[in-house]
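Trainee: Can you walk me through this one? I'd like to go through it piece by piece.
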Amino acid sequence: MNSYAEYTTGEPLVDAKAPEGPIAERWDTRRFEAKLVNPANRRKHTVIVVGTGLAGGSAGATLAEQGYHVVQFCYQDSPRRAHSIAAQGGINAAKNYRNDGDSIHRLFYDTVKGGDFRARESNVHRLAQISVEIIDQCVAQGVPFAREYGGLLDTRSFGGVQVSRTFYARGQTGQQLLLGAYQALSRQIAAGNVEMHPRTEMLDVIVVDGRARGIVARDLVTGKIDTYFADAVVLASGGYGNVFYLSTNAMNSNATAVWRAHRRGAYFANPCFTQIHPTCIPRTGDHQSKLTLMSESLRNDGRIWVPKAKGDTRPANEIPEDERDYYLERIYPSFGNLVPRDIASRAAKNVCDEGRGVGPGGQGVYLDFADAIERMGRKAVEAKYGNLFDMYQRITDEDPYEVPMRIYPAVHYTMGGLWVDYDLQTTVPGLFAIGEANFSDHGANRLGASALMQGLADGYFVLPSTINDYLARNPHKDEVDAEHPVVQEVLSETEDRLNLLLAVDGDRTPDSFHRELGELMWEFCGMARTETGLRKALERIPQIREEFWRRIKVPGTGEEFNQSLEKANRIVDYLELAELMCLDALHRAESCGGHFREESQTPDGEAARVDEDFSYAAAWEFTETGASPVLHKEALTFEYVHPTQRSYA
Amino acid sequence: MKLTLRVWRQKNADAEGAMSTYEVDNISCDMSFLEMLDTLNEELIVKGEEPVAFDHDCREGICGACSLVINGDAHGPERTTTCQLHMRSFKDGDTIDIEPWRAAAFPVIKDLVVDRSAFDRIIQSGGYISAPTGSAPEAHATAVPKPDADFAFEHAECIGCGACVAACPNGSAMLFTSAKVNHLNVLPQGAPERETRVLDMVAQMDTEGFGGCTLTGECATACPKGIPLPSIAAMNKEWLRATRKVNR
Amino acid sequence: MALATRTDRRPSLPRTVWDSTVGKKTVMAVSGLIMLLYLVAHMIGNLKIFFGPGDFNHYAHWLRTLGEPVMRWEWTLWVVRVGLVAAVVAHAVSAYQLSRRDIKARPSKYVHKKPRASYATRTMRWGGIILGLFIVWHILDLTTGTVHPGEYEHLHPYQNVIDTFSTWYGNVIYITAVVALGFHVRHGFWSAAQTLGVGNASRDRFLKTCANGLALLLTAGFVSVPVGVMTGVVS
């Protein structure tokens, strides 16, 4: 029996900031009730923003525009490189430009349903409302969205919905939106309102008298560890998908900021909710360092299939039509290849588990464009997906115009994150979490083109309104400086941790531990989870952790540019976070969205939610490393979208 | 595959650098170039040597972090980013030279890592549209002719990797600067700051110590995103127009 | 790093132009085009040599009376000369300053050398130096007569030209310079078009053809004179 798994349940958690009343009026109500900071006083307030992705970049720029003094950090060499840049598909907005029956309420409904009824209604509705303003804002900034010949904006449809509400910029929507935010941020940097620290990684948060007052960060070039102080700290550090080692995240995306915040008192909510994206390029071997996503938009025209017979090794083109199983079209006739991501991923896993997978190791399914090429012509397919096809060919050396693409699911996004209230404040006063770093809006599964929407909603509109309330209510606080005993303690803990990593001088590389942890998590906490598997993982993780601290090898010193040290330090946190993810997955004995427990399925193999027992967000409170955490439940109530079994058949 | 690598090693910005030779074995042709370097680094760490430092992040060709000059070519022999270059572009037994971007405005930080903050400062000097959050009009208030929107997009694709500077014999940042100027200046939203934008960005580019353009075309050949050479002419036109208008 | 803010007073037009790499390139483009126009006229004038000494010497005389009666003897010629000197100086100073800047911008070379297409940069720089030196010699030879190989006779250019091209070095220097000129014009004309913002993707072919045509025309036109002397067509 594992002691970590014997968690205790604490006080239920209530979102005290969410207003009552009709859902469409709640955001207005909250904005009105929130106290304001006098514009003249704003420059006296310093706000730290960690991360420069869609959420962080837009928040930093907007807070600076409002007059706050912003101190911003990113580990990349430039704020323009945050991984939001890699989002391909698009951004949803309830503009109803197509006149196809879309509305704010429909976007709200789709998102709550898509999240498998594990998100807060109030938050999701706010997101849908703001979606409209985001498009206006981005267009004004010069984001070159795709346009029709009349000069108006084009939209397309995306997995899991039946309206065309996704705005896009070819296959590079994330890039264009991020550059918009980056440019707005750059303007504020030039104006002296944002003090930007690139190549600087946050290593801990400073909490004094129960309030977040600053961070500890390391200059990645000089290795100098420094403290930075502020009246509020905003974490926009992204998701934790890299726990799995192989994911579609950037190589250096990491969980250190959120995990350190968690250790300092911020609850971590729904850590087991991870999204496995169905259309990624399969791995080719042990050398694989990351997985590359192929945009979900490919499913609009591509047909997914595997051979009907097990172990069929014939080349795809030699398998006759009647020996192919277009399994998504067969199982889900009304949505077909456009079912939500969790469903498409699990279906791919199932056919591969049956031994019908294709490609090396049988870990792949075909995404076939032969029909689309015949129907639309090669030219049209090229115009729509050319850059994606090129990318696929560059990576695999196969021509997708001639042979079907091979795809396989891969870890993509984490719906879980720091628990935040309606104001996006964590359980540590003054500590806010926005974008993928928080847990709030996507429930157990995120719909395509919703992440960009949420990141920008949080950064441009929600946080800049709600943070005023916190700053206004906490106007004069004691000065905190580097000499403060709490600060000294946090600083020395950080230094000790890095020094220890350098001192072990063992025989294993950081990557070898990361890969080992990732494989374990993929096997037991990946697309399908079982109690036995999760318990096995919970047993194994502390062992890896123990071995890590015994055998890790980090060359060089801490006083220089040292990428091995950066990596090793991130793995320290993955090794603790992984444990919490498994525990959360173990405790949630139901299937919902991206979390599929094999014990909980319908007779035909679909996810079976257990609303009576699990209609809550699980917020975990840290106790100490390796010790069982305390669970706080935030009950979820559904007044507008009544929970039903999701059906895409 | 077995390869000989000659890699630029430089302890820090102030140290002298030199090429060091390494042998790597069991390289699969499916590996990306950076995965090949990962393999080398894993071996170096186990041997107690310092791994080769290089910038990389998304590894899908969009963040612009990776920045290696491979056998004299920025991003190597294929027209793509280093992270999307695969080992099948090389042969067993090859010797591969790996160097950092070289330009006065991009000082080396360590090994193959350079400081590209000059690019950020060029953007800060005017590479934006001043549209504070909340001030935006309805998105459809201004239609943008499709050719203009496409022209803007073509230039907005720049990933800011710096290959143009690395490839240019003059270390010039004209292609980078022109990409942003052209993206924003063609859009109606960018019109109010059209003149100041190009003047300030070009001035900042010069301040950073980049060289001038002699139109050798090396930049456009190296650009992984295919920003075309005529972008530079288009920016020159904008600049000349701006000097006339601002001084009127 | 201090950034220009929008409230700054902007420098004057000449300051803006001269302080900027783009501006200096504009200076080079404009001065280059002025010289190019002159060269076309010069080349056409040279061809009069094939009509014999009378025509050619008369042409030299006519140049000095150009603009009469508004202008007096040689006035126009001097205006042109002053203009040309200004163009040459502006062109050369800009080129020198830009080249220095370019070299400074790339202080360390790549270890892995490649036969790069810095061909253009190199031919422009070396070609420019060759042409600069040539101009000095050319003036001393045929305008002032200081280094003229034979008996220099003012206003009798026909004989002067024959004298020059009757020496081996006269031919070598001249033909080398004219070939350098061809290469210089070939990249320079197209480059000037880009600098002045005339170039775009659809016009590129046209501009390149123009550049090649001009370069070829000038080279052929100028070379025809020494060739004429050498073959005895002009004697």
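This is a predicted model: local features need pLDDT of at least 70, side-chain atom pairs count only at pLDDT 80 or more; totals for chains, interfaces and linings use all residues.

Trainee: OK, helix 14 of chain A. How many residues does it have?

Mentor: Helix 14 of chain A, residues 510-524, has 15 residues. Its first and last C-alpha are 22 Å apart, close to the expected 21 Å; the expected span is 1.5 Å times one less than the number of residues. Helices (H or I, at least four residues) and strands (E, at least two) are DSSP runs, numbered from the N terminus.

Trainee: Which of its residues are buried?

Mentor: Among them are Phe513(A), Leu517(A), Met521(A) and Phe524(A). Buried means 20 or more other C-beta atoms within 10 Å of the residue's own, with exposed at 12 or fewer and partly exposed in between; C-beta atoms are placed from the backbone. Seen down the axis of helix 14 of chain A, the buried residues fall within an arc of 165 degrees, so they line one face. The arc is taken over the directions from the helix axis to the C-beta atoms.

Trainee: And what do they pack against?

Mentor: Helix 15 (531-551) and helix 16 (563-587) of chain A. Contact means C-beta atoms, placed from the backbone, within 7 Å.

Trainee: Switching topic. How many residues of strand 9 of chain A are buried?

Mentor: 7 of its 9 residues, 211-219. Strand 9 of chain A pairs antiparallel with strand 8 (residues 200-208) over 8 bridges, and with strand 10 (residues 225-229) over 5 bridges, also antiparallel. Pairing requires at least two DSSP bridges.

Trainee: Which residue in the turn between strands 8 and 9 of chain A has a positive phi?

Mentor: Asp209(A), at about 50 degrees, in a hairpin with 2 residues between the strands.

Trainee: Last one: how many residues of chain B are in contact with chain C?

Mentor: 45 residues of chain B, against 42 of chain C. Helix 8 of chain B gives the most to that side of chain B, with 10 residues.

How values were computed
Residues are numbered from 1 along each chain as its sequence is written. Chains are lettered from A and ligands numbered from 1 in the order in which they are written. Two residues are in contact if their C-beta atoms, placed from the backbone, lie within 7 Å.
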